[in-house]
Amino acid sequence: MTPSENASAWPDLEPTALLVLADGTVLKGFGLGAEGQAVGEVCFNTAMTGYEEILTDPSYAGQLITFTFPHIGNVGTNDEDIETVNMAATPGARGVILRSAITSPSNYRAAKHLDAWLRARGIIGISGIDTRALTALIRIRGMPNAVVAHTKNGRFDLHGLKKEAREWPGLEGMDLVPMVTSSQRYTWDEMPWEWSKGFSRQDSPEFNVVAVDYGIKRNILRLLAGEGCKVTVVPATTSAEDILAMKPDGVFLSNGPGDPAATGKYAVPMIRKVIESGTPTFGICLGHQMLGLAVGAKTKKMHQGHHGANHPVREETTGRVEITSMNHGFTVDEATLPKGAKQTHVSLFDGSNCGIELEGKPVFSVQYHPEASPGPRDSHYLFKRFASLMRENKSA
Ligand SMILES: NC(=O)CC[C@H](N)C(=O)O
């Protein structure tokens with residue numbers, strides 16, 4: 001029996017939700033969250049905590065997330081852990097695939113049951129899936145396109161669902177940034193959450209940073225504010241001229257969903273001009289991939305992607321290993337990095353590129369998520385590195 005045929009944990013029960021893969025495989029389960037159907041690419045995330053941050057990371061737009069950890073929802077949800085800034089936009093992941101049903105929340109910060117929270121955000125979910133088997137399938141065959149469908153009465157148009165899964169074009173070539181980017185400029189001064197204090201404000205900023213929003217997460221903005229930045233967030237299509245006219249001490253290129261090569265069509269010309277200007281620049285994930293494209297490297301689709309909170313990465317200059325949060329399905333092809341773009345970080349899982357810096361320029365980026373949320377804080381030093389580059393550049 002293949003892993004996919006074995007992946008309905010309770011195949012004999014009446015399903016109220018289905019996961020239909022593009023190859024026609026049908027996995028039966030129980031509906032949770034919103035009713036309806038959602039199409040996307042299925043990826044697995046191995047983080048054991050932080051499901052709310054994961055589900056609200058706009059980089060997951062166009063994806064259905066399988067959590068490998070079986071108990072998701074135990075600590076409920078609250079408004080402080082949401083990572084999406086642009087609430088009017090599509091809220092990150094379209095669907096969620098779980099092993100176990102969601103139990104009642106048990107945590108002093110819990111404000112809402114995950115099931116009700118998913119329903120309110122229009123996220124469609126299924127439980128009762130053998131997520132170990134589904135993960136094994138993804139490792140063997142790569143991330144499949146699929147539809148997750150949930151109806152209370154258990155009636156499904158199976159033919160229609162199979163057709164939709166089969167015909168969805170997939171993430172390659174897809175620019176999803178217009179769905180998640182902010183339509184207007186705004187400023188950000190909220191700093192990281194502290195025990196017993198909550199969030200405080202940055203009221204004496206040292207730097208003026210422009211952050212280009214391809215689907216930015218709140219914790220990135222908070223860590224920038226924590227390093228002394230007053231951040232002006234601008235829509236993804238803002239021109240280099242408009243950005244440089246704001247006289248930024250630094251420019252930040254955010255994370256985001258979809259294929260970097262598709263998004264890069266309008267982002268790359270802007271990024272080239274910004275790095276030409278000598279302005280310190282820092283990119284994360286999609287921002288890293290598009291910086292790679294801007295210097296002439298190529299990006300490619302990965303087989304199973306990296307999604308989790310325990311990925312070891314080695315910093316090449318020091319040999320130091322940091323444990324990182326990751327969420328990407330595309331990667332910068334290291335072999336295509338031009339002279340002058342140095343590989344600074346590498347994944348110890350598969351040797352893929354995890355960071356670059358431009359020789360002689362105050363410009364660097366990483367493939368992983370140093371802001372974590374969720375995940376370990378080993379990589380917070382990169383926000384300090386950005387602040388140092390801006391400080392040096394200002395005093396030069
Ligand atoms: N987190 C991100 O920014 C993801 C980047 C890109 N969408 C990828 O999947 O590789």
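This is a predicted model: local features need pLDDT of at least 70, side-chain atom pairs count only at pLDDT 80 or more; totals for chains, interfaces and linings use all residues.
View 1. Let us start with the overall layout. The assignment divides the chain into domain 1, residues 17–167, and domain 2, residues 177–395. Their C-alpha centres are 27 Å apart. Where the two domains touch, domain 1 supplies 25 residues and domain 2 supplies 27 residues. On the side of domain 1 that touches domain 2, strand 3 (36–45), helix 1 (51–55) and helix 3 (131–141) are the elements that give two or more residues.

**View 2. Residues gather around the ligand.** Next, have a look at the shell around the ligand. You will find S59 here, together with N255, G256, P257, G258 and P260. The shell also includes C285, L286, N327, H328, G329 and F330. Strand 14, which spans residues 321–332, contributes the largest share of the shell, 4 residues. Which classes make up this shell? There are 7 polar and 5 nonpolar residues, and no charged ones.

**View 3. Helix 6 is mostly covered.** Now turn to the helix that spans residues 218–226, where 8 of the 9 residues are buried. The buried residues of helix 6 are R218, N219, I220, L221, R222, L223, L224 and A225. What covers them? The cover includes several strands: strand 8 (186–188), strand 9 (207–213), strand 10 (229–235), strand 11 (250–253) and strand 12 (281–284). Helix 10 (381–395) is also part of the cover over the buried residues of helix 6. Following helix 6 you come to G228, which has a positive phi, near 95°.

**View 4. I323 sits in strand 14.** For the last stop, find I323 within strand 14, the strand that also gives the ligand shell its largest share of residues. Setting aside neighbours within four places in sequence, I323 is in contact with N310, P312, P376 and D378.

Methods
Residues are numbered from 1 along each chain as its sequence is written. A residue is near a molecule or strand if its C-beta atom, placed from the backbone, lies within 6 Å of it. Ala, Val, Leu, Ile, Met, Phe, Trp, Tyr, Cys and Pro count as nonpolar, Asp, Glu, Lys and Arg as charged, and the others, Gly among them, as polar. A residue is buried if 20 or more other C-beta atoms lie within 10 Å of its own, exposed if 12 or fewer, and partly exposed in between; C-beta atoms are placed from the backbone. Two residues are in contact if their C-beta atoms, placed from the backbone, lie within 7 Å. Domain bounds come from an automatic or database domain assignment.
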